[in-house]
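The points are grouped by topic.

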Amino acid sequence: MKILVVDDEHDVKTLFEQRFRKEIKSGEIDFVFAYSGEEALSYLAIHKHEAVLILSDINMPGMSGLELLRQIKQKYHEPPPVVMMITAYGDAENYKTAKELGADDFLTKPVDFIALKEKLKITN
Amino acid sequence: MILQPVLALLILRYYRKCFKKEDIPRNWKNIYWGSTAFAILLFLLFMMIRESRTIVSWLGHIFLLALIYKGYNSPKLKNARSALNAFLPVTLIYFIIDIITAIDKSFYKTWENYFDVAGIFAFIWMIAMLIISNKQMKAIEKERLKTEEAERVNKITQELKAGLEIQVSERTAELTAQKEALEQTLSELKATQAQLIQSEKMASLGELTAGIAHEIQNPLNFVNNFSEINTELISEMKAALDAGNINEAITLAMDIDDNEKKIIYHGKRADAIVKGMLQHSRSSSGVKEPTNINALCDEYLRLAYHGLRAKDKNFNATMKTDFDNSIGNIKIIPQDIGRVVLNLLTNAFYAVDEKKKNTKGSYEPTVSISTKRIPIPGKINEAKVEITVTDNGNGIPNEIKNKIFQPFFTTKPTGQGTGLGLSMSYDIITKGHGGQLKVESKEGEGSQFIIILKI
């Protein structure tokens, strides 16, 4: 399973690689990282239908996670990638907007990795 | 003789003149009227009685002499002395004649002619002296009137002076009251100003808090996550060592080490943010200290951005930075410059957000901050540093460009801006640091604020 992680914090890459080191080692999960919405879109444009799951931060400079979500849901229909939104602000408005735009799940920072792993197993 | 009462009346007239009409002392009045009445009584007695006139005559002599003695003796009757000098010979001559007549009438008869001549001379003397005396009296009277007039004028002057003094003291009191009122107003204004500055600080701190919360949350998440991972890795490493798998243990140790570095890095990041916040809310130390201006700008850029993000979920902007690493540390008051940078950035974000709200087409709100070291030609040890905050918002209309640094000028809706941000920034840069704060703006295209500091 290929997961695209979108976050402006660069250390998120190391964090995910460490948290999922067993899964990466076993080849269960393959991570790709993008540091902005724009970067994520250009990756998706080149590697069509590669990413099964997109984990995106909402608060990013430039293109926001919600805008990215909107564009992904518009452009990629078949098969639609699962998009999970992550935000530091667990507020109702962001949640509502994300759901309206078609987000498949909504996580709040700090990410509970055990819960995330459970969710990934179900998605898988 | 009938002469004595007449002379007495005349003398009394002169005595009377020695006093002003209004202020004759009571005892003098009594003496005057008593003497007058006595003189008239003597005169009438003399006219009515034909026999034993001698007693009346002697009474007249004694009365007259007493009167004259009183005149010479009393300082209050000084002015009548020249008149007394006129009457004295006549009085004495007739007194002597009467004495001589009483002692030896034949002697008097023998020398009668001489006595008569002496009497006539005494009369002539009296008349001449009286004329002189009258003149003198008139002169004295004139002088007296003059003195009185002078006194009157003096009195009026005194009254006017007193009046003026009252007026002056009233005016002085009024002015003092006004001065005190003004001083009171001034100190109230100063207190208000201090309060406004404080509220501006608090307002900008309010803008920061959400950003700070966000900015601290991220590094803390990393610290927590990497610590948890390290705990796992350490137990894995132990297991690897137990299994004798040295290579794997070494790999794990290296990972642990990397994570540890990340923990330290993010811990310090959170630490710097908290310190920055404390510094911002603290009143300025006023002390210049070597500061990394690039780090300061970067920090406030993030704080300002996340602060606005937290307030308005729809807010978004591209941030660009271009820092000149050759600047190194410069001596500034970090809290104050931080406040200025924050203010300029908040304004920039506000400007792009306003434009975004009113633009329907594609518009990418962008705020950038850059620093640049500019050498001063001919000077090796001196240079300038330019800190530029640029936005692509709506720009500042020309007609308000010269007002933006004025205190209380704001384009924000009532209650949203204090109008003190830029004026305080201007003071901090120009007065506090001897630098310049410039603005360049094109309507519709955006604004650029440039801080120029000498180092």
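**Briefing on chains A and B**

Chain A has an accessible surface of about 5,800 Å², of which carbon and sulfur atoms make up 54% (Shrake-Rupley method with a 1.4 Å probe; for residues, only the protein chains shown count as cover). The model is predicted: local features need pLDDT of at least 70, side-chain atom pairs count only at pLDDT 80 or more, and totals for chains, interfaces and linings use all residues. Residues are numbered from 1 along each chain as its sequence is written, chains are lettered from A and ligands numbered from 1 in the order in which they are written, and side-chain values use heavy atoms, with hydrogens and water left out.

**Chain A: fold and dimensions**

- Six helices and five strands make up the secondary structure of chain A (DSSP runs, with H or I of at least four residues for helices and E of at least two for strands, numbered from the N terminus).
- Read from the N terminus, the order of elements in chain A is β-α-α-β-α-β-α-β-α-β-α.
- Chain A has a radius of gyration of 13 Å, close to the 14 Å that the globule rule gives for 124 residues, so it is as compact as a globular protein of that length (the radius is taken over C-alpha atoms, and the rule is 2.2 Å times the number of residues to the power 0.38).
- Along the principal axes, the C-alpha atoms of chain A fill a box of roughly 35 × 30 × 25 Å.
- Of the 124 residues in chain A, 53% count as buried (buried is under 20% relative accessible area, exposed over 50%, partly exposed in between, with a 1.4 Å probe and protein chains only).
- Among the contacts in chain A with a separation of 6 or more, 67% are between residues 24 or more positions apart (contact means heavy atoms within 4.5 Å).

**Chain A: a cis peptide bond**

- The peptide bond from A:K109 to A:P110 is cis, and its omega is near -5 degrees.
- A:P110 is placed in the loop between β5 (105-108) and α6 (113-123) of chain A.

**Aromatic rings and charges**

- Over all chains, 21 aromatic pairs are counted (rings of Phe, Tyr and Trp, the last by its six-membered ring, with centres within 6.5 Å; planes under 30 degrees apart are stacked, over 60 edge-to-face and the rest tilted).
- One of them is the tilted pair of A:F20 and A:F31, at 5.1 Å centre to centre and 55 degrees between the planes.
- This pair links distant parts of the chain, eleven residues apart: A:F20 is in the loop between α1 (11-19) and α2 (21-26) of chain A, and A:F31 is in strand β2 (residues 30-34).
- A:F20 is buried at a relative accessible area of 0%, and A:F31 is buried at 11%.
- In chain B, B:F405 and B:Y426 form a tilted pair, with 4.9 Å centre to centre and 40 degrees between the planes.
- B:F405 lies in the loop between α10 (398-401) and α11 (421-433) of chain B, and B:Y426 lies in helix α11, 21 residues apart.
- B:Y426 is partly exposed, at a relative accessible area of 32%.
- A:F16, A:F20, A:F31, A:F33 and A:F113 belong to one aromatic cluster.
- A:K117 lies over the face of A:F20, 5.5 Å from the ring centre (NZ of Lys or CZ of Arg within 6 Å of the ring centre and within 35 degrees of the ring normal).
- The charged end of B:R13 is over the ring of B:Y14, at 5.8 Å from its centre.

- Chain B is assigned domain 1 (3-160) and domain 2 (312-455), with bounds from an automatic or database domain assignment.
- Taken over C-alpha atoms, the centres of these domains of chain B are 111 Å apart.
- B:L196 is in helix α6 (residues 112-242) of chain B and is partly exposed, with a relative accessible area of 28%.
- Neighbours within four places in sequence aside, B:L196 is in contact with B:F408 and B:L420.
- B:L196 and B:L420 lie 224 residues apart in sequence and 8.1 Å apart in space, C-alpha to C-alpha.
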